[in-house]
Amino acid sequence: MNHRPDETETAAPACGAAPRPALPEVQTVQLHPQPPCRALDAALRLAQAEAKGRMEFPMLLSWYDRDRDFESPQHASECHAAGAVPGYVDYALHRGASLKVDVEDGRFVFYYLNAGL
């Protein structure tokens, strides 16, 4: 038999976890250098220059190199294997990232926080 609470009853919360704070808005910048970057270090230099032009104190929080399927922080995605959000993205967003620099359509992705705030 299904019981539906009436207006005088209050349903118990399904989980005791506290609500999460809203995640920050992340500005995304797409870069398509010609010729394409040879490796991560070249893409990182481009991303750093872009971040420095947009932030007073850019701090790199996380990144992804699709060529090598390598991320920083290492193994962040292992905890998110069943989730839709890669670990390096979740890591950056929950630490206040406000800038994403995407080089060559996801080949290299960098998340930055303005550390001067």
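What follows is a quick chat about the sheet, the cores and the aromatic rings.

Q: What kind of model is this, and what pLDDT do local features need?
A: It is a predicted model: local features need pLDDT of at least 70, side-chain atom pairs count only at pLDDT 80 or more, and totals for chains, interfaces and linings use all residues. Residues are numbered from 1 along each chain as its sequence is written, and side-chain values use heavy atoms, with hydrogens and water left out.

Q: How many helices and strands in the protein chain?
A: Two helices and five strands. These are DSSP runs numbered from the N terminus: helices are H or I with at least four residues, strands are E with at least two.

Q: And which pattern along the sequence?
A: The protein chain reads β-α-β-β-α-β-β.

Q: What order do the strands take in the sheet?
A: The order is 1-4-5-2-3, in an open sheet of five strands with mixed pairing. Two strands pair if DSSP finds at least two bridges between them. Strand 1 and strand 3 (70-72) are the edges, each pairing on one side only. Neighbouring strands are turned by 20 degrees against each other on average, direction ignored. Axes here are lines fitted to C-alpha atoms, for helices over the stretch in contact, and angles run from 0 to 180 degrees between N-to-C directions.

Q: Strand 1 and strand 4: parallel or antiparallel?
A: Parallel, over five bridges. Threonine 28, for one, has lysine 100 in strand 4 as its bridge partner.

Q: Then strand 4 and strand 5, parallel or antiparallel?
A: Antiparallel, again over five bridges. Valine 101 is bridged to phenylalanine 110 in strand 5. The hairpin of these strands has four residues between them, and glutamate 104 takes a positive phi near 60 degrees there.

Q: How many bridges join strand 2 to strand 5?
A: Seven, and the two strands run antiparallel. Aspartate 65 pairs with phenylalanine 108 in strand 5.

Q: Where does helix 1 lie?
A: Across strand 1, strand 2, strand 4 and strand 5. Helix 1 runs at about 30 degrees to strand 5.

Q: Switching to packing. How many residues of strand 4 are buried?
A: Four of its five, so strand 4 is mostly covered. Buried means under 20% relative accessible area, exposed over 50%, partly exposed in between (1.4 Å probe, protein chains only). Across the 117 residues of the protein chain, buried residues make up 32%.

Q: Which residues have the most contacts inside the largest nonpolar core?
A: Leu99, Val101, Val103, Phe108, Phe110 and Tyr112, in a core of 16 residues. Strand 1, helix 1 (40-54), strand 4 (99-103) and strand 5 (108-114) each supply at least two residues. Helix 1 gives the most, with five. A nonpolar core is a set of buried Ala, Val, Leu, Ile, Met, Phe, Trp, Tyr and Cys residues joined through side-chain atoms within 4.5 Å.

Q: What does the second core include?
A: Leu61, Tyr88, Val89 and Tyr111 are included in this separate core of 10 residues.

Q: How many aromatic pairs in the whole structure?
A: Three. One of them is tryptophan 63 with phenylalanine 70: centres 5.8 Å apart, planes at 45 degrees, so tilted. Rings of Phe, Tyr and Trp (its six-membered ring) pair if their centres lie within 6.5 Å; planes under 30 degrees apart count as stacked, over 60 as edge-to-face and the rest as tilted.

Q: Is tryptophan 63 buried or exposed?
A: Buried, at 14% relative accessibility. Phenylalanine 70 is partly exposed, at 30%.

Q: Why does the pair of tyrosine 64 and tyrosine 88 count as stacked?
A: Because their planes are at 10 degrees, with ring centres 5.2 Å apart. Tyrosine 64 sits in strand 2 (residues 58-65) and tyrosine 88 in helix 2 (residues 87-93), 24 residues apart, so the pair links distant parts of the chain. Tyrosine 64 is buried at 16%, and tyrosine 88 is buried at 9%. Tyr64, Tyr88 and Tyr111 form one aromatic cluster.

Q: What lies over the face of tyrosine 91?
A: Arginine 95, at 3.7 Å from the ring centre. The cut-off: NZ of Lys or CZ of Arg within 6 Å of the ring centre and within 35 degrees of the ring normal.

Q: Last one. What does glutamate 25 touch?
A: Ala97 and Ser98, not counting residues up to four places away in sequence. Contact means heavy atoms within 4.5 Å. Glutamate 25 is exposed, at 74% relative accessibility.
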